[in-house]
Amino acid sequence: MEFEWMKIPWALLTLFIVINYGLLMTALVQKIGARVGRRHGIPIWQNYIDLLKNYGLRTSITHGVMFYLGPVFRLSGGVGLLLFVPSIYGSEMFSNFSFAGDLILALYFVFFGTLGMALGAAESGHPYAAIGITRGLSQMTAAELPFALAVFAVALQYQTLSVTDIVAAQQGSILNWTLFTNPFAVAAAMLSFLGSMMRPPFDVVLAPQEVPIGPPTEYHSSFLALMQTNRVLFPVAKIVIYMNLFFGGAANWPVFFLKVFLIYMVSAFVGVVFPRFRVEQSIRWFLIWAVPLGIIAVVRV
């Protein structure tokens, strides 16, 4: 037990590094989108200011216990996803608690936050929250299907559900990466990745071109701050999963930052080029283009 307790400070350090990197990456992506639209964009430190301000606010509005647990579940999904996979391959300090979980647990955490958020926002009774939840769950279900197929294909290929063992199987050469050994699985997963990042054309949940609806309308003060924290943490945590499963993992922090940056930029570049889908268009796109690739990836293994 002493070994596991010693991992807690290093896991907290990993969480601190990833949150700060996520804050900077989120601001950078917003700035890129603004420059494409011929605007100056926010300062790179703006997310820090917004986060600290919201954490300092309090509310006297009461909607019920589940309403306030929604952001907690949302953040728990991002934190759990990050801490139960290795951030740095081969590092005892930054392997986190990957020894205690596998790919099935990671998949659970991917969807855990979304379901918790849906239960919490629904308790407010506001019709806009219900609209946002419906959009979010519909798109997330369609987007996670090809990702689940890609994960099954990888598990079958390497005959293991251990993320660490999957990373180990990709060492030795860049040609050992799943990107080259199973390109159909990677293609399906990357198409799913575009939807899970909720950037254009898949930002149907927040719908910035319309009246803001859904959970961000209902939550405020420190509860909104929890959601903002997860918004910078969860994308990086999910990219860590992608990096480990498909792109050979990272043996040190510089490689970690570089790979996370490059994978993050895929959704950023797509987002500044394409307009937003409607909900039914988004779901149809995943079922027509991404799911068949995932099926092919499983069959060919």
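How do the residues of the lining of the largest cavity divide into nonpolar, polar and charged? I shall come to that after a word on conventions. This is a predicted model, in which local features need pLDDT of at least 70 and side-chain atom pairs count only at pLDDT 80 or more, while totals for chains, interfaces and linings use all residues. Residues are numbered from 1 along each chain as its sequence is written, and side-chain values use heavy atoms, with hydrogens and water left out.

To the cavity, then. A cavity here is a set of points on a 1 Å grid over the protein atoms alone where a 1.4 Å probe fits but cannot get out, and lining residues have an atom within 4 Å of a point. The count comes to 1 cavity of 30 Å³ or more, and the largest holds about 30 Å³ of space, the volume being that filled by probe spheres set on points joined across faces, edges and corners. Its lining consists of Phe84, Pro86, Ser98, Gly101, Asp102, Ser162, Val163 and Thr164. These divide into 3 nonpolar, 4 polar and 1 charged; Ala, Val, Leu, Ile, Met, Phe, Trp, Tyr, Cys and Pro count as nonpolar, Asp, Glu, Lys and Arg as charged, and the others, Gly among them, as polar.

Next, helix H1, residues 2–36; helices are DSSP runs of H or I with at least four residues, numbered from the N terminus. Thr26 lies in this helix and counts as buried because its relative accessibility is 14%, where buried means under 20% relative accessible area, exposed over 50% and partly exposed in between, with a 1.4 Å probe and protein chains only. Not counting residues up to four places away in sequence, Thr26 touches Asn47, Arg231, Val232 and Tyr264, contact meaning heavy atoms within 4.5 Å. Trp10, also placed in H1, is partly exposed at 34%. With neighbours within four places left aside, Trp10 is in contact with Met93 and Phe94.

Tyr264 leads us to helix H11, where this residue is among the buried ones, as are Trp253 and Lys259. Why does the span of H11 agree with expectation? Its 21 residues, 253–273, should span 30 Å at 1.5 Å a residue, and the end C-alpha atoms are 31 Å apart; the expected span is 1.5 Å times one less than the number of residues.

Finally, Pro275 sits in the loop between H11 and helix H12 (279–300). Pro275 is exposed, at 62%, and its C-alpha lies 6.2 Å from that of Pro200, 75 residues apart in sequence.

Methods: Helix = DSSP H or I, 4+ residues; strand = E, 2+ residues; numbered from the N terminus. 1 Å grid on protein atoms, 1.4 Å probe; cavity = no way out; pocket = protein on both sides within 12 Å on 5 of 7 lines; lining within 4 Å.
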